[in-house]
Amino acid sequence: MSYAYLFKYIIIGDTGVGKSCLLLQFTDKRFQPVHDLTIGVEFGARMITIDNKPIKLQIWDTAGQESFRSITRSYYRGAAGALLVYDITRRETFNHLASWLEDARQHANANMTIMLIGNKCDLAHRRAVSTEEGEQFAKEHGLIFMEASAKTAQNVEEAFIKTAATIYKKIQDGLFDVSNESYGIKVGYGGIPGPSGGRDGPSAAGRGCCN
Amino acid sequence: MKMDLMSGYKGVVGLVFGNENSSNEDRYVERLLDRINNGKLPDDRRNAITELQAVVSENRAFQLAFGAMGLPIMLSVLKEERNDVEMVRGALETLVSALTPINHAKGSSNEVQPDLMNTDLLSREAESIPLLLSLLEEDDFYVRYYTLQILTALLSNSRQRLQETILTIPRGITRLMDMLMDREVIRNEALLLLTHLTREAEEIQKIVVFEGAYEKIFSIIREEGNSDGGVVVQDCLELLNNLIRSNASNQVLLRETIGLDSLILILKLRGSSYSFTQQKTINLLSALETIKLLLKGGSEADPGKDANKQTNKTVLVQKKVLDHLLILGVESQWVPVAVRCAALRCIGDLIAGDSKNLDLLASKVLGEEPQVEPALNSLLRIILRTSSMQEFIAADYVFKNFCEKNADGQAMLASTLIPQPYSMNHSFLDEDVNMSFGSMLLHGLTLGENNGDLETCSRAASVLSHILKDNLQCKERVLRIQIEASMQTLGASEPLMHRMVKYLALASSMKSKDGKSNATGNSYVQAIILKLLVTWLADCPNAVHCFLDARPHLTYLLELVSNLSETVCIRGFSAVVLGECVIYNKSTDSGKDAFSIVDLISQKVGLSSYFLKFDEMHKSFVFANVESSLTHRSFSRSSAASMADIQEIDENDLSEKKNMDHPVLSSILDSYFVNFVKRLEEDIRQQIVEVYSRPKTNVAVVPAEIEQKSGESDGEYIKRLKAFVENQHSEIQDLVLRNATLAEDLAKTGSSFQSEQRGSGGIDRVQIETLRRDFQEASKRLEMLKAEKAKIESEANMYQNLAGKMEADLRSLSDAYNSLEQSNLQLENEVKALRGEGVSTFPDVEAIKAEAREEALKESEGELNDLLVCLGQEQSKVDRLSARLLELGEDVDQLLEGIGDDAGAAEDGDDEEDAE
């Protein structure tokens with residue numbers, strides 16, 4: 001249960017692009033062809049290792065439907081990372097990326113790491129958005145980009161881990177005040193964190209107690 | 001605009017309260033509001049707001065007046081005077097006062113409560129919530145403090161509206177969560193607010209958890225000293241429980257992120273303090289509630305609930321939760337009973353349907369060497385000896401769950417059921433840890449023999465019924481247990497089951513003796529024993545056989561079914577036991593087979609009345625309420641509450657259910673048993689129909705048997721057929737009897753009238769039928785006799801008339817004769833007188849006589865001549881006719897012979913008649 005860091009992720013994007021399937025593939029290593037519509041927000045967690053440090057990922061998978069937007073927005077601020085997902089076989093999901101991004105910029109903290117994922121790349125024959133377009137969009141908005149398939153698990157692991165690695169690097173670079181949990185990053189506790197630390201406790205204090 | 005609003009509110013207020021006494025306050029408040037709104041000097045405005053707050057906080061009338069006019073003005077102050085902290089504080093404090101109930105002179109309940117009205121008005125102001133949330137970011141402590149209080153007041157009165165609004169405000173919940181990191185006073189307020197906010201709102205619960213609520217909650221609990229902490233610990237746990245109640249996703253998160261160690265830590269009793277403060281009790285109860293919620297896994301509707309529940313169990317057991325629960329529930333008798341019960345229930349939930357945990361509990365040994373004993377024995381001791389009904393129920397729940405679908409565990413317990421010699425039963429000590437489970441249980445079962453302690457007996461019976469449930473082997477095994485008769489009675493030993501039936505009867509007789517006052521006192525004793533019987537007989541023909549072995553059992557049961565002074569449940573259970581005697585009956589002895597039982601039921605109770613018992617039972621309060629209302633109850637937060645309150649919680653809980661049946665019943669009637677009884681009922685109905693639709697096997701018509709067998713003499717053949725026909729005849733009689741009973745039932749069902757006191761209707765019915773036939777026959781005969789009688793009467797009449805006539809004739813004849821005789825006598829006398837005196841007095845008498853004679857002679861001569869002429873004529877006729885007849889060949893002499901005789905005979909008859 002002990003970890004060096006805990007990162008909170010959110011997964012956002014239009015309904016039906018495969019957000020829940022990506023999460024399921026990442027946490028349970030399985031694919032469910034028919035997935036119920038997500039109501040509100042669902043939760044998943046997994047431990048990964050970066051730089052030989054155990055890192056816990058807490059992932060909130062949000063409902064893509066417009067009616068849940070006000071609920072899902074509540075999760076933006078506290079997240080360290082976001083997977084912004086579109087469906088390469090449905091052009092409109094790509095076209096909506098800008099509005100998703102705007103939402104994220106407005107409600108999330110400025111340092112949130114966003115990974116753009118073109119999902120369903122196993123369906124190349126039905127592709128409606130080229131890889132280059134995706135790359136282009138990511139470049140323009142300063143996002144990391146990957147095409148992935150929740151069905152074949154291609155790049156799924158990589159997407160989550162690469163995002164974590166980016167966040168980890170930002171921490172190393174001192175971009176975050178890790179004692180402020182509102183950034184979606186928590187320093188792990190081997191046992192118990194010190195007396196509920198003031199907001200300005202030393203940022204590296206927690207690191208000693210994890211292995 | 002503002003004036004419009006004000007007049008609008010005023011109108012409402014005026015309508016509601018009348019104008020006469022509110023006008024003063026209205027005017028006063030209006031003036032103050034005007035100063036606040038339009039004042040030029042900041043100090044004056046501040047003074048006005050202080051004054052306003054003062055009056056609003058003291059008087060309901062001012063509260064009302066303020067609510068009617070002041071809200072928009074206060075909100076505009078909050079919006080536009082952000083930099084004037086004093087004004088903002090004043091406005092907020094005034095709002096707090098307007099929303100706080102003022103408790104002087106408890107008004108009647110239908111009186112308008114200004115605080116509620118004001119909260120409603122404020123929560124309807126669209127801009128109020130975002131405005132208030134934004135105020136939470138102010139630096140001033142009081143601003144945040146008052147704002148939280150206002151939000152809490154709004155939440156407690158208009159929760160749903162506020163929950164919906166807060167969800168639409170970006171970062172609304174985040175801002176509230178930040179308050180948990182604020183200084184203590186604010187933090188505690190925020191805890192309360194979040195507790196309200198998270199109630200029954202899944203999305204909010206998730207966001208709150210996302211914002212790190214768990215970490216904050218447990219860090220506060222730790223700081224406050226876990227279960228030894230104050231009311232803040234209670235608030236934390238209540239918030240925690242809100243977050244995981246019916247929310248599997250949040251339970252996963254709790255498990256996955258911070259783990260359950262911190263929770264277990266709260267259950268740990270530190271030191272050896274034997275005294276429990278009220279707060280500690282409530283804290284522990286709250287933590288046990290958390291465990292219970294985790295063991296539930298989530299809301300019923302959640303498909304992932306079961307998997308989540310299982311994982312929760314596994315993790316909890318890994319964290320040694322069972323040990324802590326056993327310490328709280330079993331080992332530490334100084335722990336308040338409410339906590340003990342809650343811990344026991346958690347143990348029950350922990351082992352339910354989990355073979356690993358079942359084994360774990362079975363292997364637990366409590367106490368310290370050498371005074372160690374299995375945990376299950378300690379639990380049984382609690383059941384048998386506790387004075388708290390709640391504790392009995394809670395411990396019983398553990399056994400119920402331990403035995404359910406745990407054949408090995410049942411067998412393990414049943415294997416220790418070995419009767420001890422009577423003397424030993426007496427000498428043992430309750431505290432003896434070396435006593436086996438079975439000895440303890442048997443001792444509990446038969447304790448009633450000596451001191452009428454049926455309560456202990458019924459508790460033991462409850463445990464026994466768990467051990468027997470669905471386990472044929474255990475049932476058979478326990479059937480073989482013979483209980484020695486007590487010293488006093490010195491009778492032969494009897495099967496344990498018979499002893500139980502005896503106690504059942506004893507319980508009802510005790511009840512009837514005690515009278516109404518204690519009517520419910522023993523009804524659960526009966527119910528538990530009946531439940532034991534229901535469980536025992538199920539699917540176990542040998543048990544049925546054993547039960548029917550004693551004839552009075554059946555009679556008693558039949559009586560119990562239709563005994564109106566018993567509760568619906570008792571009657572229903574008795575009906576179920578009867579039904580089991582039918583469906584699980586493999587007996588072929590007449591009088592004990594399924595046919596006879598059905599006949600008895602239909603004769604003594606009536607089938608429809610019998611089935612009515614089931615319906616009544618299902619409709620009864622206890623049955624209908626099984627598994628309903630699992631609404632949670634939070635503990636009173638008042639620290640002034642005494643220990644008595646916690647006890648009261650239990651008692652209230654009991655009294656809520658106390659309708660007509662004993663509260664224990666609702667725990668005995670777990671859903672498993674209720675469903676079991678429902679299934680049984682279906683089987684019973686089916687089996688009874690079956691019994692009625694099939695003749696007894698010995699009279700079944702097998703065509704081959706009707707034929708004469710080879711080598712069978714005619715005489716034998718006839719004899720056999722005769723016997724066969726006789727059998728069939730008696731079967732037909734039976735059938736007619738049943739048919740009659742059934743028809744009667746049917747007829748009764750139609751009418752709403754339901755008679756409980758019906759005798760053996762069937763037999764009567766048939767007897768009446770024969771009597772009616774006899775009667776008809778008799779009356780027919782009577783009719784015939786009547787007709788005959790009428791005929792005879794008329795005949796008699798006729799004869800009477802005839803006789804009358806004859807008598808009259810006779811009289812006239814005799815009269816005539818008399819007169820004749822008289823005249824004759826007179827004449828004779830005359831003659832005598834004439835003769836005597838004739839010579840002297842009447843010398844001419846002879847002459848007269850001669851004269852008369854001569855005259856008569858002359859007359860006669862004339863007549864004679866006439867006659868002779870006639871005769872001559874006749875003679876000539878005769879001659880002529882004779883000649884003619886001769887011609888025709890007739891023998892005339894023969895023909896005429898006897899003519900004279902005839903005339904003579906006729907003359908004789910007449911003479912005779914005259915003589916009469």
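## Where the two chains meet

The contact draws in 28 residues of chain A and 24 residues of chain B, where contact means heavy atoms within 4.5 Å. This is a predicted model, in which local features need pLDDT of at least 70, side-chain atom pairs count only at pLDDT 80 or more, and totals for chains, interfaces and linings use all residues. Residues are numbered from 1 along each chain as its sequence is written, chains are lettered from A and ligands numbered from 1 in the order in which they are written, and side-chain values use heavy atoms, with hydrogens and water left out.

Putting chain A and chain B together buries about 2,300 Å², and carbon and sulfur atoms give 54% of that. Buried area here is the accessible area (1.4 Å probe) that two parts lose on being put together, summed over both. Across this interface the rule finds 4 salt bridges, a salt bridge being a side-chain nitrogen of Lys or Arg within 4 Å of a carboxyl oxygen of Asp or Glu.

## Salt bridges, across and within chains

Over all chains, the count comes to 56 salt bridges. One pair crosses between chains, from B:Lys206 in helix H13 (residues 202-210) of chain B to A:Glu42 in strand E2 (residues 41-50) of chain A. The closest N and O atoms of B:Lys206 and A:Glu42 are 3.6 Å apart. Helices (H or I, at least four residues) and strands (E, at least two) are DSSP runs, numbered from the N terminus. B:Lys206 is buried at a relative accessible area of 3%, while A:Glu42 is partly exposed at 32%. For these labels, buried means under 20% relative accessible area, exposed over 50%, and partly exposed in between (1.4 Å probe, protein chains only).

Inside chain B, B:Glu138 and B:Arg82 make a salt bridge with their closest N and O atoms 2.9 Å apart. B:Glu138 sits in the loop between helix H8 (128-135) and helix H9 (141-157), and B:Arg82 in the loop between helix H5 (71-80) and H6, so this pair ties together parts of chain B that are 56 residues apart in sequence. B:Glu138 is partly exposed at 23%, and B:Arg82 is partly exposed at 24%. Then there's B:Asp306 with B:Lys305, a salt bridge whose closest N and O atoms are 3.8 Å apart. Here B:Asp306 is partly exposed at 45%, whereas B:Lys305 is buried at 11%. Over in chain A, salt bridges that share partners link A:Glu66, A:Arg69, A:Arg73 and A:Asp103 into one network.

## Chain A at a glance

Chain A has 6 helices and 7 strands, and from the N terminus on its elements run β-α-β-β-α-β-α-α-β-α-β-α-β. Of its 211 residues, 53% are buried. The accessible surface of chain A is about 9,100 Å², with 50% belonging to carbon and sulfur atoms; such areas come from the Shrake-Rupley method with a 1.4 Å probe, and for residues only the protein chains shown count as cover.

A backbone spot to look at is A:Asn155, a residue other than glycine with a positive phi near 65 degrees. A:Asn155 is in the loop between strand E6 (144-147) and helix H6 (156-172) of chain A, and it is partly exposed at 24%.

## Chain B and its helices

Chain B has 47 helices and 4 strands, and 47% of its 916 residues count as buried. Helix H15 (residues 231-244) of chain B has 14 residues and should span 20 Å at 1.5 Å a residue; its end C-alpha atoms are 20 Å apart, which agrees. The expected span is 1.5 Å times one less than the number of residues. In H15(B), 13 of the 14 residues are buried, and just after this helix B:Ser246 takes a positive phi of about 50 degrees.

Just after H29(B), B:Asp470 has a positive phi of about 60 degrees. In helix H6 (residues 85-99) of chain B you'll find B:Ser97, buried at 7%. Leaving aside neighbours within four places in sequence, B:Ser97 is in contact with B:Gln53, B:Val56, B:Ser57 and B:Gln63.
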